[in-house]
Amino acid sequence: QFNMDVLVARFHPNGTIDSTFGINGLVTTKVFADSVDYAESVYGMQLTTDGGIVVTGYTTLEDFGFDVLMLKYDSTGTLVTDFGENGIVVWGRAAQDIALDVKEDANGKLLRCGSSGGFFFDDRDLLLMRYNSNGTIDSTYNTNGIVLTDFTTTPDEANAMALQTDG
């Protein structure tokens, strides 16, 4: 599971790769370039109204913990430097924090969902976070931009989400 990078590809409507995106249609990003011990996995993707591409998932840490990961690319596949730190946002509060989906709301804010909590089969709570369009946590949303929901004493996880028309 180690030394894996984020991979984003763009295709034409007919299924052929769009060679104008990144390098021959592909963009790979190593989040922690100074170490081969990290592995990045992305699960959610959102095309933004400003023409960007946001992906979210998690990065595996040396202690086998996970931190939530979010990256933003422009329409050419280049990281957006004024989003997070040079296009990358990493967040962690517990042993295993993961994000599995991301959506943009009508105000250009990004919501991402997943889970946060202990290792493997330990208790984890459903995680929902809201970010400003520049990749900073929106502290006006709930408590410091974060909602944790505990349904059971087993892992709770949000695998996907949809936004209602009323926001």
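Visitor: Let's start with Leu110. Which residue in β9 stands opposite it?
Guide: That's Tyr131. Keep in mind that this is a predicted model.

Visitor: And how do β8 and β9 pair, parallel or antiparallel?
Guide: Antiparallel, over 8 bridges, with β8 covering residues 110–117.

Visitor: What does β9 pair with besides that, say in β10?
Guide: β9 and β10 (residues 146–149) are also antiparallel, over 4 bridges. Within β10, Ile146 is the bridge partner of Met129.

Visitor: Is β9 buried or exposed, then?
Guide: Buried: 8 of its 8 residues are, so β9 is largely enclosed by the rest of the structure.

Visitor: Which residues touch the most other members of the largest nonpolar core?
Guide: Met70, Phe83, Trp91, Leu110, Leu127, Met129 and Tyr131, out of 14 residues in that core. At least two residues each come from β5 (66–73), β6 (88–91), β7 (96–104) and β9 (124–131). β9 gives the most, with 3 residues.

Visitor: What does Leu127 touch?
Guide: Setting aside residues up to four places away in sequence, its contacts include Val68, Trp91, Ile98, Cys113, Ile146 and Leu148. Arg112 and the run Gly114, Ser115 and Ser116 are among them too.

Visitor: What's in the second core?
Guide: That one is separate and has 11 residues, including Val27, Val31, Leu69 and Leu71.

Visitor: Who are the contacts of Asp125?
Guide: Leaving out neighbours within four places in sequence, Asp125 is in contact with Gly114, Ser115, Ser116, Leu148, Thr149, Asp150 and Asp156.

Visitor: Tell me about Asp150. Where is it found?
Guide: In the segment after β10. Asp150 is partly exposed, with a relative accessible area of 46%. Beyond four places in sequence, Asp150 touches Asp123, Asp125 and Asp156. Asp123 is 27 residues away along the chain, and the two C-alpha atoms are separated by 8.7 Å.

Visitor: OK, salt bridges. How many are there?
Guide: The count comes to 6. Lys30 and Asp5 form one of them, with the closest N and O atoms 3.1 Å apart. Those two link distant parts of the chain: Lys30 is in the loop between β2 (26–29) and β3 (39–47), and Asp5 is in the segment before β1 (6–9), 25 residues apart.

Visitor: How exposed are those two?
Guide: Both come out partly exposed: Lys30 has a relative accessible area of 26%, and Asp5 has 33%.

Visitor: Which residue does Asp18 meet in a salt bridge?
Guide: Arg10, at 2.9 Å from N to O. Asp18 is buried at 9% relative accessible area, whereas Arg10 is partly exposed at 26%.

Visitor: What about Arg130, which residue is its salt-bridge partner at 2.8 Å?
Guide: Asp138. Arg130 counts as buried at 17% relative accessibility, and Asp138 is buried at 2%. Lys109 joins Arg130 and Asp138 in a network of salt bridges.

Visitor: Switching to β7. How does β7 pair with β8?
Guide: Antiparallel, over 8 bridges. Asp101 stands opposite Cys113 in β8. The hairpin has 5 residues between the strands, and Gly108 takes a positive phi near 80° there. β7 is mostly covered, with 8 of its 9 residues buried.

Visitor: One glycine I was curious about is Gly57. Where does it lie?
Guide: In strand β4 (residues 53–60). Gly57 counts as buried, at 0% relative accessibility. Among the residues Gly57 touches are Tyr43, Val68, Leu69 and Ile98.

Visitor: Last thing, the whole chain. How many helices and strands?
Guide: 0 helices and 10 strands. The radius of gyration is 16 Å, close to the 15 Å that the globule rule gives for 167 residues, so the chain is as compact as a globular protein of that length. As for burial, 47% of the 167 residues count as buried.

Key:
Residues are numbered from 1 along each chain as its sequence is written. This is a predicted model: local features need pLDDT of at least 70, side-chain atom pairs count only at pLDDT 80 or more; totals for chains, interfaces and linings use all residues. Side-chain values use heavy atoms; hydrogens and water are left out. A nonpolar core is a set of buried Ala, Val, Leu, Ile, Met, Phe, Trp, Tyr and Cys residues joined through side-chain atoms within 4.5 Å. Buried means under 20% relative accessible area, exposed over 50%, partly exposed in between (1.4 Å probe, protein chains only). Contact means heavy atoms within 4.5 Å. Two strands pair if DSSP finds at least two bridges between them. The radius of gyration is taken over C-alpha atoms; the globule rule is 2.2 Å times the number of residues to the power 0.38. A salt bridge is a side-chain nitrogen of Lys or Arg within 4 Å of a carboxyl oxygen of Asp or Glu.
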